[in-house]
Amino acid sequence: MAINVEMPLHKARELMAQYRSTMPINLPTPEVDNEPPEAPNVLVDAVSMGGPSDGRQKPFVRHVLVKDLNKIGTRMKLEHPKNGIFGGKAPMGLYALFDGQSCAGTPGPMAAEFCARNFHTKLLERLSRLPPTPTDEAAIEACLRGSFEDLDRELLTNQPEVNDGCGAAVALYIGDRVFVAVLGRCRAVLGEAAEGNSFTPLALGPGQGAIVGDARRLRLAGGSVVGDGSAARLQHPSGSLSAVSRSLGDRSWKGAKGGGVGLPLVICMPEVQTVQLRGSEEHPFLLLAASTVAGALSPKELVQVASDFPVQPRAACGEIVARAIEAHAGASALAQCTALELCFLRPRAGTEDKRRAPGTAGPEPPPAAKKARLLAAPGGGTQSVRLRHILLKYQDGPLAPKDADAKGKKALRSRQEAEALLRRVINELRKDLRAAKKAPKDATELVNVTSKRFGELCREHSECETARKGGSMCGDIGWVTPEDRVKMGAGFKEVVDVLLPGQFSDIAVSESGLHLVQRVA
């Protein structure tokens, strides 16, 4: 027989209180962080010169700049794990060049174009299949190698019209690490800080002597090696010679995989290395070079040129490829020379290290008190900057054919000629700065020291109305807000936004032409 036991309401509430706080409905709602990862804090550009003179023929070398790989992966619904190396919302970027001159057969554009269009997809697919366990360096390296295999397989299986091949230099940037994959005769070189404000090259990848390293595998596959060092060549049983033992495509050298018989003489496996970066002062830049550039300039020469144009990737790459073209003059008229530079920038505002990048034309940032006055200056709040510039128009620019310069003349130079002139201007300004009796101690002194020579060069070369201004105002375009910089174009804004007071920019492009900008305040 059931017995009803009555309990006072206050007593029941007391007994339930200890359980009420742990009931799911009463637990605090967990915070969901929907803020996407930031894009990598880098400045990157690439320059290509030479190649087929027929404008209807496609270029031999293609470069790829995926400045925010996280965003592309989300857009394609290819999500990777968020732990291990990817933890802390690690920024991701992908930078690569594919060289149709680094091939086993006759140079061609088809394989390089296909690989440039599809590599990022293959990589994201591989990353999305990683297990949920914390991701380490070995897993990322395996994904890079697998992406090359996937790309090569699709090229050989589903692209029967593509018979040429290509080499590659790929840099995958994740957090504080850069993963570099090099295939064929392309090259990757990391600049490392040394004594006396100089830099030493850290060559990543097999370099120009890769065939010698593959000699044993080649003999087992039925091939042979003729010659030594960089002059070594892979000899096919048919008698054909190849300058590479590794490439994407090149189906006639891939044995059964390419529709032939036997083992492949040429494989698609890249050499992959990982470098943990130690900040922009220790590791300021990474260079990727096509085979024609790697054959013309040594790693030491590449690093020397890049150090002459600190945090100016377009100017540095332009100088590198110009020297490579000069080295190939007469020997290979169709050589296409391409270089890509990735500059690692100082931490963004709000982080501990607010020092400027090494070697840049400018002092350390001003102390907090001076910065406060700067941010309160007229011109539109904390993000406005005061700039002066030298503008050059060029014949193939969007406005050049119809717009005259400040002197009433239409631009007759090409873009390459305009960039070469701006590189000479940069060198003149740096030479004048090095000749100063005393190094400027702050941004104001730096601007004052460079004003005279800047004004002379501005009046001599600039095709902007501001070149007519007198004294230190020559070339001055005043306070420029973020909105104004956006109107100038994404490329202009990206280059200018990284400047500290006193610094000179990389070569920036807008609808008006090419600019060399100095941040005055």
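Two strands are taken to pair if DSSP finds at least two bridges between them, and helices (H or I, at least four residues) and strands (E, at least two) are DSSP runs numbered from the N terminus. The model is predicted, so that local features need pLDDT of at least 70 and side-chain atom pairs count only at pLDDT 80 or more, whereas totals for chains, interfaces and linings use all residues. Residues are numbered from 1 along each chain as its sequence is written, and side-chain values use heavy atoms, with hydrogens and water left out.

In this model 4 strands form an open sheet with antiparallel pairing, in the order β16-β15-β18-β17. Because β16 (476-480) and β17 (508-510) stand at the edges with a single partner strand each, one side of each is left without a neighbour in the sheet. Strand β15 (residues 385-392) pairs with β16 in the antiparallel sense over 4 bridges, and R388 has D476 in β16 as its bridge partner.

| Helix | Strands touched | Angle |
|---|---|---|
| α11 (residues 415-434) | β15, β17 and β18 (513-519) | about 20° with β18 |
| α12 (residues 443-461) | β15 and β18 | about 35° with β15 |

Within helix α11 lies D432, which is partly exposed at a relative accessible area of 31% (buried means under 20%, exposed over 50%, partly exposed in between, with a 1.4 Å probe and protein chains only). Not counting residues up to four places away in sequence, D432 touches V449 and R453, and its C-alpha atom is separated by 9.6 Å from that of F454, 22 residues apart along the chain.

Note on methods
Contact = heavy atoms within 4.5 Å. Axes fitted to C-alpha atoms, helices over the stretch in contact; angles between N-to-C directions.
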